[in-house]
Amino acid sequence: MTAYPTTELPSADTAGRRTDRLAGPAPRPGIFDELSKREIRRAVLSGIAIPGYQVPFGSREMPVARGWGSGGLQVTLSLVGQDTRLKVIDQGEDAGVNASNLRRLVVGHVGCEEETDTREADVIQSRHRIPEQPLHDGQVLVLQVPGAEPLAGIVKSMDEQRRMHAEADYSKMWVRLYEDIVHNGLITNAAGYPVLVEGRYVMTPSPIPRWDVPKLNHSEAVTVLSAGREKRIFAVPPHTRVEPLTFEDRPFEVERTPGAACRLCGSDDTYIVQEPGPDGTFSTWVCSDTDFCRRRRAGDAPEVTALEAALAHTREESTI
């Protein structure tokens, strides 16, 4: 009888050590484990490889309500490390309640560095805004997304939505925009304006205002959009063509209020919002991006804003 060699099974201790190595470094006490971070990083890489495509992921429970930035928080926790400089803004403001709480949460969990200067930040997590400062190569912009599906208001069936994306059948989206013009004289989408990414997928950005939509076109930074409630991640890699959906006789326009300017820095080329006065009335305007406003008052801001640079790039493309 031939004796065959037997393979000795690893002991429980050896198997446990191998599992620990696969799981990565020991997790810090907190809210997010390393395996969850790995899954989200894989989803982010898939989104970068297919710009505008919605990648499903297993959204975890976060210590914030879904719809209040749980998707962006998970992506940020997955991307930052102890040497990362993190900037968190809410409506363009660093000191907002949402921004302050999320920044405190991430820093307490990861131990990364806090940053308010857009130029020095490695990762920028934002709610509703893209900074006025032009972003540069190596930066990552994380946008919180309340609704990832641009076709949700057009067709209710998720199977039909997936079919339309797979076949690039966006005819109903164009009909919806046309009906908007017929009824209102213009396209009324103010936030989450639909865009076509690299000529393939229609995407809805985070509820950024129209003012910020052109900044996505050929941006030097990586933009990651995450919807925790809908369990979807999608991304726009650097130097990607992002075009707002519009008609030739109805060019895309951003919000402007003639004669309005920031009362602090005097800017009329940035996104400004009204602020309440002592009597509760809204009569004055201020920059939404508080860091850019502060640096412009100090003479430390660029002459050309991110919007102006993006629009100039778009005009150059149209003449080629």
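In the predicted model examined here, the lining of the largest pocket comprises, by class, seven nonpolar, four polar and four charged residues. This pocket holds about 370 Å³ of space, and of the 15 residues that line it, Gln54, Glu149, Arg162, His165 and Arg232 lie nearest its centre. Two elements, helix H5 (158-166) and strand S7 (201-203), each supply at least two residues of this lining, and it is H5 that gives the most, with five residues.

The second largest pocket contains about 310 Å³ of space and is likewise lined by 15 residues, among which Pro214, Pro244, Phe252, Leu311 and Thr314 are found nearest the centre. Strand S10 (242-244) and helix H8 (306-319) are the elements that give two or more residues to the lining of this second pocket, with H8 giving the most, namely four residues. When the residues of this lining are divided by class, seven are nonpolar, three are polar and five are charged.

Turning to the packing of helices, the axes of helix H2 (residues 34-49) and helix H3 (residues 70-79) come within 9 Å of one another and cross at roughly 100°. Because crossing angles of 65 to 115 degrees count as roughly perpendicular, H2 is described as roughly perpendicular to H3. On the side of H2, the contact is made by Lys37, Ile40, Arg41 and Val44, while H3 contributes Gln74, Val75, Leu77, Ser78 and Leu79. Taken by class, the residues in this contact of H2 with H3 are five nonpolar, two polar and two charged.

Methods:
Residues are numbered from 1 along each chain as its sequence is written. This is a predicted model: local features need pLDDT of at least 70, side-chain atom pairs count only at pLDDT 80 or more; totals for chains, interfaces and linings use all residues. Side-chain values use heavy atoms; hydrogens and water are left out. Axes are lines fitted to C-alpha atoms, for helices over the stretch in contact, and angles run from 0 to 180 degrees between N-to-C directions. Angles under 35 degrees count as roughly parallel, over 145 as roughly antiparallel, 65 to 115 as roughly perpendicular and the rest as oblique. Contact means heavy atoms within 4.5 Å. Ala, Val, Leu, Ile, Met, Phe, Trp, Tyr, Cys and Pro count as nonpolar, Asp, Glu, Lys and Arg as charged, and the others, Gly among them, as polar. On a 1 Å grid over the protein atoms alone, a cavity is a set of points where a 1.4 Å probe fits but cannot get out, and a pocket is an open set with protein on both sides within 12 Å along at least five of seven lines; lining residues have an atom within 4 Å of a point. Grid points are joined across faces, edges and corners, and a volume is the space filled by probe spheres set on the points.
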